[in-house]
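Please read the following account with the sequence and the predicted model side by side. It follows charged pairs, strand pairing and helix packing in turn.

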Amino acid sequence: MIEVRTCARLHLGLLDNNGDQGRLYGSIGLAVDRPRLVLRAEKADRLRIEGLEAERVGIYAQRFIHRYGLPEGVRLNLLAGIPAHVGLGSGTQIALAVGTALARLADLRISTQEIAITMERGARSGIGIATFRRGGFVLDGGHRILSSPADSSIAQGQNRRLEKNRIPPVLFQHSLPKDWFFVTVIADTDKGFSGERENSAFRDLPAAPASLVEKISRLLLMKMLPALVEEDILDFGQALIGIQRMAGDFFASVQGGRFSNPISDRLIDFLLGAGAAGAGQSSWGPAVYGVVEGKSQALQLLNAAKDFLAGLGGGRVFCMRPQNRGALVRCI
């Protein structure tokens, strides 16, 4: 029996929604130690799907089998999962876990990148693929645009033809300080964008002003990355706030505001007011997070967030630590 264990990720923002340099997107994110996903796979008389998220597990299993085939059957059982469509990257982790388990069972030497392409992951962000491999903080370089942005036949905004069968290259990957904690709050509200709704949102986005991309890039390069390397949580948090606000204002036209809903706005303001060095929304939300240093401060913020969330209708609160290693794959 093969067991794959992997964890959630936080998506801190997209770098370039302009594309005039020939690439689009570029993502910032990091791995966290919970919620965890645990998948077990073993040979069987036919394809059997059991446990959580059976539909999604089955879809990814069929994609793998269609590409590589399996001479025998297999039983897949998702014992623990990451909440779906809340901004924690569950889809990519399920896809890679299924592909990795099936490849190991069939004794196929297939890279994580190739599995991701087979599973149709990484269409915009490569953060979840990179964290599955190695964990830590990740910056990726987005996708190459095949058609020239000056080509008048191309629709404006995000509707440009991108290079296929490639995942975004990892430009920077670094471990996170072990005493940084991410208190993450998921309110009981609408799910984040996914599938065709997400595709439609990107189609509706205009091209970001070059000046906005330049500001985000400078804040990333000259504040966030040095702060991470020097383990300066205050500068890291300030850079995070700035990037989140600029990126959030750009996405306001499709998500209705700087963040995905008014509750997320209130939660982020609360986390900052309660002592977080930085805070933001992960992907399309509704997951929001605040970063603090030290276990005692993390527990204080966790308890305060639980009380505040109860007054907003409830939800879930996680105290996450950085995950500085990739998925664990073992034979049991």
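A second pair joins the side chains of Arg63 and Glu120, which meet in a salt bridge at 3.8 Å from N to O. Because Arg63 lies in helix H1 (residues 54–68) and Glu120 in the loop between helix H3 (112–118) and helix H4 (127–134), this pair ties together parts that are 57 residues apart in sequence. Arg63 is partly exposed, with a relative accessible area of 28%, whereas Glu120 counts as exposed at 55%. Elsewhere, salt bridges that share partners join Glu3, Arg5, Arg40 and Arg330 into one network. In total, the structure holds 14 salt bridges.

Arg75 lies in strand S4 and Glu42 in strand S2, so the pair ties together parts that are 33 residues apart in sequence. Arg75 is partly exposed at 22% relative accessibility, and Glu42 is partly exposed at 25%.

Strand S2 (residues 23–44) pairs with several other strands. With strand S1 (residues 2–16), S2 pairs in the antiparallel sense over 12 bridges, and Thr6 has Leu37 in S2 as its bridge partner. The hairpin of S1 and S2 has 6 residues between the strands, and there Gly19 takes a positive phi near 90°. S2 also runs antiparallel to strand S4 (residues 73–80), to which 7 bridges join it, and the bridge partner of Arg40 in S4 is Asn77. Strand S5 (residues 137–140) pairs with S2 in the antiparallel sense over 3 bridges, with Val138 as the partner of Gly29, while 2 bridges join S2 to the antiparallel strand S6 (residues 143–144), where Arg144 stands opposite Arg23.

Turning to the helices, the axes of H8 (residues 262–273) and H9 (residues 295–310) come within 11 Å and cross at roughly 145°, and the crossing is right-handed. At this contact, Arg266, Leu267, Phe270 and Leu271 in H8 meet Leu301, Ala304, Ala305, Phe308 and Leu309 in H9. By class, the contact of H8 with H9 has 8 nonpolar, no polar and 1 charged residues.

Notes
Residues numbered from 1 in each chain as written. Predicted model: local features only at pLDDT ≥ 70, side-chain atom pairs only at ≥ 80, totals over all residues. Heavy atoms only, no water. Axes fitted to C-alpha atoms, helices over the stretch in contact; angles between N-to-C directions. Helix = DSSP H or I, 4+ residues; strand = E, 2+ residues; numbered from the N terminus. Left-handed = near helix turned anticlockwise from the far one by under 90°. Contact = heavy atoms within 4.5 Å. Nonpolar A, V, L, I, M, F, W, Y, C, P; charged D, E, K, R; others polar. Pairing = 2+ DSSP bridges. Salt bridge = Lys/Arg side-chain N within 4 Å of Asp/Glu carboxyl O. Buried < 20%, exposed > 50% of the residue type's maximum accessible area, 1.4 Å probe, protein only.
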